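Trainee: Hi, I have a new structure open and could use a guide. Can we go through it together?
Mentor: Happy to, let's have a look.

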Amino acid sequence: MDPLQRAGAVALIEDGFDSVEAIEGPDGVEVDLLDSIVAVHPGGAILKVVVDAPALEMAESAVRSVVEELLERSEVLADWPIARCEVALHPKLALESLDAADGPEAPPADPAARKARHSGRPSPGSAEAEYDAEAQAEEVRQQMLTLAGELRSFPPVMFGVPDEEAEEGEDSFSVSPEDARLAAGALVWATDVLVDQLFGDVQTLTEEDTNVAECDGPLWHLEDLPARYALQYDGLFARRFLVTVVAMTTRFTDGSFQRLSCVAEELALRLLLNEAHVTLETFGLLGDGVSAALEAFADNVYEDMDHEWLYDDAMDGIDESPVGEVLRIAPMGFKAWFTPFNRGRHVHPYAADEPEAAVS
């Protein structure tokens, strides 16, 4: 398709979704349509549809049926086939649901008890027999171990693995090389998820022409930034933050990383670590060793944890106070987020402050 045809296809698909509030799933169960994102390329389109459904199978069936109906309704798109349809849980909402679950069928809160429960032999024909949680976890684990090699900037010692030259018994607790690899792979996995979902946040804020505090649509990550500045997180900010995440994680994987460059990168790393924890926990892979590896990684990459004060309203303005001056706290106000900490550090040109807005 040429650019004009692609623009027309986007308009047709978006108009179709705008006319749908809910979808009837299998057995007449209603599936709520929360949001949709359309990206058209020369060979077709990619749709990301967010729905609220009681089961994954219902979500997939409902979305497929509504897309098929939308294509059939349009003479221009009637011959478009659906090449692939995949469904995935929102990881944070899935964990919240597990944490909030109650009743005799609720999964145990203790991870070891959950593992013991899932390790039991399911009855033939049951839903549990059709889905092998342990096999899925092992598959993901192997994928993460393979991905670990892409995190080229960080040797195992950054994850708490003892240095070969360290004397025996020097560390009271050390991380195994395999746990370090799993943590590294989880960070690469989480990078892909974080970037993809931030694209969704950018799309949502841009389409609504609003900010995080006033946004009606679902957001993946920008709501997890310090709440005191939520009115400032608009579409432009979202794009600058996304570019910052891409620039930072590129340095992680190409071997060029030295230090975090600005407050926005410190917050981006916080989101990346959260996503890695959520993914590992979702698949039952967050053991003590992996947790220790991620903690060691954070300790080694962060020069300080001053950015955590942005989540504590009682500390608002500490960077501009006499105490902040004594502690040599870098400026942390919103206008300073994309300003390099010093001349030896750099921020991507798209995300960087305009010269007149730069903080000295």
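Trainee: What share of the contacts in the protein with a separation of 6 or more comes from residues 24 or more positions apart?
Mentor: Residues 24 or more positions apart account for 63% of those contacts. Contact here means heavy atoms within 4.5 Å. Before we go on, this is a predicted model, where local features need pLDDT of at least 70, side-chain atom pairs count only at pLDDT 80 or more, and totals for chains, interfaces and linings use all residues. Residues are numbered from 1 along each chain as its sequence is written, and side-chain values use heavy atoms, with hydrogens and water left out.

Trainee: Thanks! How many helices and strands does the protein have?
Mentor: There are 11 helices and 3 strands. Both are DSSP runs numbered from the N terminus, with helices being H or I of at least four residues and strands being E of at least two. Along the sequence the pattern reads α-β-β-β-α-α-α-α-α-α-α-α-α-α.

Trainee: And how many of the residues count as buried, as a percentage?
Mentor: Of the 360 residues, 39% count as buried. Buried means under 20% relative accessible area, exposed means over 50%, and partly exposed is in between, using a 1.4 Å probe and protein chains only.

Trainee: Which residues touch the most other members in the largest nonpolar core?
Mentor: Those are F159, F241, L269 and W337, in a core of 68 residues. A nonpolar core is a set of buried Ala, Val, Leu, Ile, Met, Phe, Trp, Tyr and Cys residues joined through side-chain atoms within 4.5 Å. The elements that give two or more residues to this core are α6 (133-147), α7 (177-208), α8 (235-254), α9 (263-282) and α10 (288-301). The largest share, 13 residues, comes from α7.

Trainee: What does F241 touch?
Mentor: Setting aside residues up to four places away in sequence, F241 touches L198, L222, L225, A264, L267, A268, L271 and F338. There is also a second, separate core of 13 residues, with I13, V63, V66 and V67 among them.

Trainee: Going back to α7, how far does α7 reach from its first C-alpha to its last?
Mentor: The 32 residues of α7 reach 46 Å, close to the 46 Å expected at 1.5 Å a residue. The expected span is 1.5 Å times one less than the number of residues.

Trainee: What comes just after α7?
Mentor: That is where D209 takes a positive phi of about 50°, although D209 is not a glycine. D209 lies in the loop between α7 and α8.

Trainee: Is D209 buried or exposed?
Mentor: D209 counts as exposed because its relative accessibility is 70%. T210 is found in the loop between α7 and α8 too, but T210 is buried, with a relative accessible area of 13%. Beyond residues up to four places away in sequence, T210 touches L205, C215, Y233, D234 and G235.

Trainee: New topic! At what angle do α9 and α10 pack?
Mentor: They pack at about 175°, with their axes 11 Å apart. The axes are lines fitted to C-alpha atoms, for helices over the stretch in contact, and angles run from 0 to 180 degrees between N-to-C directions. That angle makes α9 roughly antiparallel to α10, a label used for angles over 145 degrees.

Trainee: Which residues make that contact?
Mentor: From α9 there are L269, L273, H277 and L280, and from α10 there are V290, L294, F297, A298 and V301. They divide into 8 nonpolar, 1 polar and no charged. In this count Ala, Val, Leu, Ile, Met, Phe, Trp, Tyr, Cys and Pro are nonpolar, Asp, Glu, Lys and Arg are charged, and the others, Gly among them, are polar.

Trainee: What covers the buried residues of α10?
Mentor: The cover includes α7, α8 and α9. The buried residues of α10 are G289, V290, A292, A293, L294, A296, F297, A298 and V301.

Trainee: Where does L285 lie?
Mentor: L285 lies in the loop between α9 and α10, and counts as buried at 12% relative accessibility. L285 and R141 are 144 residues apart in sequence, with their C-alpha atoms 7.4 Å apart in space.

Notes
Parallel < 35°, antiparallel > 145°, perpendicular 65-115°, else oblique.
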